Amino acid sequence: MTSVNPELVEILVCPETKQPVSLATQELLHSLNERIRAGTLRNRGGAKVEQEIQEALVRQDGRILYPVDDGIPVMLIEESIELS
């Protein structure tokens, strides 16, 4: 179950490229959380991501992830995570 309002997801876009975003899959979140537990995941601002990600939005091209904190999408470029 998602905590982000689906109507909100429909209107949100990446602040950098203006591409639409969609909810991240559970498989992607599981993979990222493994990296967080290993201490190897950093956001685009260079800070180590320490809190596991329960929900996130992925840019349409699949290259950038925006975490969702307590139902609120964090649409800040420096807080986003680059996906390889």
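Is leucine 28 buried, exposed or partly exposed? Leucine 28 is partly exposed, at 23% relative accessible area (buried is under 20%, exposed over 50%, partly exposed in between; 1.4 Å probe, protein chains only).

The model is predicted: local features need pLDDT of at least 70, side-chain atom pairs count only at pLDDT 80 or more, and totals for chains, interfaces and linings use all residues. Residues are numbered from 1 along each chain as its sequence is written, and side-chain values use heavy atoms, with hydrogens and water left out.

**View 1. The whole protein, with 2 helices and 5 strands.** Helices (H or I, at least four residues) and strands (E, at least two) are DSSP runs, numbered from the N terminus. The elements run α-β-α-β-β-β-β from the N terminus. The radius of gyration is 12 Å, close to the 12 Å of the globule rule for 84 residues, so the protein is as compact as a globular protein of that length (radius taken over C-alpha atoms; the rule is 2.2 Å times the number of residues to the power 0.38). The C-alpha trace spans about 35 × 30 × 20 Å along its principal axes. Buried residues make up 36% of the 84. Of the contacts between residues at least 6 apart in sequence, 52% join residues at least 24 apart (contact: heavy atoms within 4.5 Å).

**View 2. Leucine 28 in helix H2.** Leucine 28 touches Val58, Leu65 and Leu83, not counting residues up to four places away in sequence. Valine 58 is 30 residues from leucine 28 in sequence. Their C-alpha atoms are 9.8 Å apart.

**View 3. Strand S2 between its partners S1 and S3.** Strands pair if DSSP finds at least two bridges between them. S1 (residues 21-23) and S2 run antiparallel, joined by 3 bridges. S2 and S3 also run antiparallel, with 3 bridges. Leucine 57 stands opposite tyrosine 66 in S3. The hairpin of S2 and S3 has 4 residues between the strands. In that hairpin, glycine 62 takes a positive phi near 75°. In a regular strand the side chains alternate between the two faces of the sheet. Both faces of S2 are covered. Ala56 and Val58 are buried on one side, Leu57 and Arg59 on the other.

**View 4. Arginine 59, a buried residue of S2.** Arginine 59 lies in S2 (residues 56-59). Its relative accessibility is 6%, so arginine 59 counts as buried. Valine 21 stands opposite arginine 59. Beyond four places in sequence, arginine 59 contacts Cys14, Glu16, Thr17, Gln19, Pro20, Val21 and Ile64.

**View 5. Valine 49 in the loop between H2 and S2.** H2 covers residues 26-38. Valine 49 is buried, at 13% relative accessible area. Leaving aside neighbours within four places in sequence, valine 49 contacts Ile36, Leu41, Arg42, Asn43 and Ile81. Serine 31 is 18 residues from valine 49 in sequence and 13 Å away, C-alpha to C-alpha.

**View 6. The largest pocket, lined by 17 residues.** On a 1 Å grid over the protein atoms alone, a pocket is an open set of points where a 1.4 Å probe fits, with protein on both sides within 12 Å along at least five of seven lines; lining residues have an atom within 4 Å of a point. The volume is about 360 Å³ (the space filled by probe spheres set on the points, which are joined across faces, edges and corners). Gln51, Glu52, Pro67, Val68 and Asp69 lie nearest the centre of the pocket. Strand S3 (residues 64-69) gives the largest share of the lining, 3 residues. The lining divides into 6 nonpolar, 5 polar and 6 charged residues (nonpolar: Ala, Val, Leu, Ile, Met, Phe, Trp, Tyr, Cys and Pro; charged: Asp, Glu, Lys and Arg; polar: the others, Gly among them).
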